[in-house]
Structure formats: C-alpha cells, structure tokens
Amino acid sequence: MAAARTIRAMTERIALVTGGVRGLGLAVARRLAAGGDRVHLVYRSSADLAREREAEFPGRVHCADLTDEAATGALIRQLVEREGRLEVVVHAVGDYHSGALTETNLADWRRMFASNLESTIMVADAARDALRASRGVLLTFGVSELEGLRARTRTAAYAAAKSALLVYLRSLAREEAPFGVRANMISPGIVPHAHAADDASDPRLLAKIPLGRVGTPEEVAEAAHFLCSPAASYITGVDLLVAGGWSL
C-alpha cells in the first residue's frame with residue numbers, strides 16, 4: 001500500500017482550478033481528478049456549493065477573491081508551500097454581462113475587465129515561478145468568435161474583455177515558451193448548465209449551431225483536459241473553440 005501511494009504521489013500532478021465549485025470549472029476539475037491529478041478548487045462567494053465539494057476534494061477547497069492581488073498571491077503561495085509544486089492552473093473565473101451599449105455603464109466595463117483579464121494576470125503572475133519549475137500549463141476561458149473581432153449587440157463589454165485576454169494569453173505563451181510553460185485558451189459555445197447565463201437557452205442562438213445541438217460541460221472538460229495533458233505538449237498560444245461549429 002505504501003509503495004502504491006508513493007508511485008501515485010510521483011505521477012499525479014498538482015492542479016488548481018479557479019471557479020471550480022460549479023459550472024464548467026467544476027466539470028474540468030472532475031475530469032482532471034478522474035485522470036489522476038490532485039485538484040484544488042477556488043471559489044469566491046459560492047459557500048454552500050463549496051461545502052458540498054469538500055466530499056470530492058477533501059481539504060482542497062479554498063476561498064479567495066482573485067480580483068485582489070494580495071489574496072491571489074497568498075492563495076497560490078500557500079498551495080505551493082503545502083504541495084511542493086504546481087503543474088496545472090485552469091482559470092475558470094470571469095463575470096458575464098449581457099446588454100446593449102446603452103444598457104452597459106462604466107462600472108460594467110470595469111467589472112468585465114477586472115474579473116476576466118486582470119484576474120488572469122494576477123493568477124499567472126502568482127503562479128509563474130511554480131509553473132516554470134514544473135514546466136507546467138495555464139489554461140483560461142474565452143468565448144467563441146473572438147478571432148473576427150465582430151460587433152456584438154448584447155455582449156460588447158464581455159467580448160472586449162475576452163479579446164484582450166486572448167492577446168494577453170498569446171503574449172504569455174510566447175514569453176513563457178523558453179521556460180517550457182504552455183498557455184492556452186478554451187472557448188466554449190453554447191453550453192447550458194445549472195449556472196449558465198440565460199442566453200444559453202435562447203432558441204435564436206441555438207438555431208445557429210451547425211452541429212444542431214448545444215454542448216455539454218463534459219465535452220468542454222474533455223477538451224480542457226486534453227490541452228492540459230502531455231498529449232498537447234507541443235501546443236501553446238491557441239484558442240480552442242468547443243462550439244459545435246458556431247463560428248463557421
């Protein structure tokens with residue numbers, strides 16, 4: 001038994017999934033855990049859900065506001081001190097806003113950039129040394145159709161923040177490549193789940209999906225697992241669309 005535990009400890013990766021107590025973050029956390037990773041979760045305000053996740057991830061559910069630089073740094077520093085290393089970071093945090101420009105105020109714009117872009121920068125900065133030491137991987141979440149920089153009628157602030165995030169992500173991938181660190185983005189299309197935005201059930205949007213159906217959290221999680229796996233060891237700086245052909 002002791003030998004089996006030792007082998008498992010040598011082969012399992014230490015993974016951190018932010019926003020991991022619900023939605024797509026939870027789906028990714030479960031997939032990583034099923035693949036043998038020792039997964040830590042982070043939440044900000046979903047305390048009830050966090051208590052439920054303790055049974056699956058005992059002692060590895062943490063509360064932190066990742067829009068706060070000091071809190072972000074403390075979280076990752078304590079995790080690395082506890083585990084000794086960190087190989088995988090999946091950042092599944094980012095508020096959502098839907099509304100025309102006339103319905104979007106400056107506070108909405110600032111919230112989109114703070115929760116989607118700035119939080120990623122803080123997490124990446126805090127995890128940089130650990131990921132370099134492990135030649136690890138960082139994965140963040142975007143949104144489909146960023147490449148075309150298309151106009152948005154309802155989600156301009158959200159898409160603008162995600163577009164900025166993509167530029168940052170690719171710049172990070174370029175800068176960290178010499179250290180063996182990979183940085184990628186995964187961009188889901190319409191994927192209904194218990195905590196998805198109301199837009200995910202809009203029949204007008206569903207009719208535009210070439211594959212003729214919505215996606216599932218498990219499909220997104222499988223793609224995320226691939227990008228974080230050794231099978232993707234030569235992939236960095238990509239934005240992988242998991243959207244049923246939405247942008248075709």
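Biologist: At what angle do α4 and α5 pack, and how far apart are their axes?

Modeller: Please bear in mind that this is a predicted model. Two packed helices are described by the angle between their axes and the distance between the axes. For α4 and α5, the angle is about 25° and the axes are 9 Å apart.

Biologist: Are α4 and α5 roughly parallel or roughly antiparallel to each other?

Modeller: Angles under 35 degrees count as roughly parallel. The angle between α4 and α5 is about 25°. The two helices are therefore roughly parallel.

Biologist: Is the crossing of α4 and α5 left-handed or right-handed, and which residues of α4 make the contact?

Modeller: α4 and α5 cross in a right-handed manner. From α5, the contact is made by Met122, Val123, Ala126, Ala127 and Ala130. By class, this contact has 7 nonpolar, 2 polar and 1 charged residues. The residues on the α4 side are Glu69, Thr72, Gly73, Ile76 and Val80.

Biologist: How many nonpolar residues does the contact of α5 with α6 have?

Modeller: The residues of α5 that meet α6 include Trp109, Phe113 and Leu117, while those on the α6 side include Tyr158, Leu165 and Leu172. By class, the contact has 5 charged and 2 polar residues, and the number of nonpolar ones is 15.

Biologist: Which residues touch the most other members of the largest nonpolar core?

Modeller: This core has 32 residues.

Biologist: Is leucine 139 buried or exposed?

Modeller: Leucine 139 lies in strand β5, residues 137-141. Residues under 20% relative accessible area count as buried. Because leucine 139 has a relative accessibility of 0%, it counts as buried.

Biologist: How far apart in space are leucine 139 and alanine 183, C-alpha to C-alpha?

Modeller: Leaving aside neighbours within four places in sequence, leucine 139 is in contact with residues including Val89, Asn184 and Leu227. Alanine 183 is 44 residues from leucine 139 in sequence. In space, their C-alpha to C-alpha distance is 5.8 Å.

How values were computed. Residues numbered from 1 in each chain as written. Predicted model: local features only at pLDDT ≥ 70, side-chain atom pairs only at ≥ 80, totals over all residues. Heavy atoms only, no water. Helix = DSSP H or I, 4+ residues; strand = E, 2+ residues; numbered from the N terminus. Buried < 20%, exposed > 50% of the residue type's maximum accessible area, 1.4 Å probe, protein only. Contact = heavy atoms within 4.5 Å. Core = buried A, V, L, I, M, F, W, Y, C linked by side-chain atoms within 4.5 Å. Nonpolar A, V, L, I, M, F, W, Y, C, P; charged D, E, K, R; others polar. Axes fitted to C-alpha atoms, helices over the stretch in contact; angles between N-to-C directions. Parallel < 35°, antiparallel > 145°, perpendicular 65-115°, else oblique. Left-handed = near helix turned anticlockwise from the far one by under 90°.
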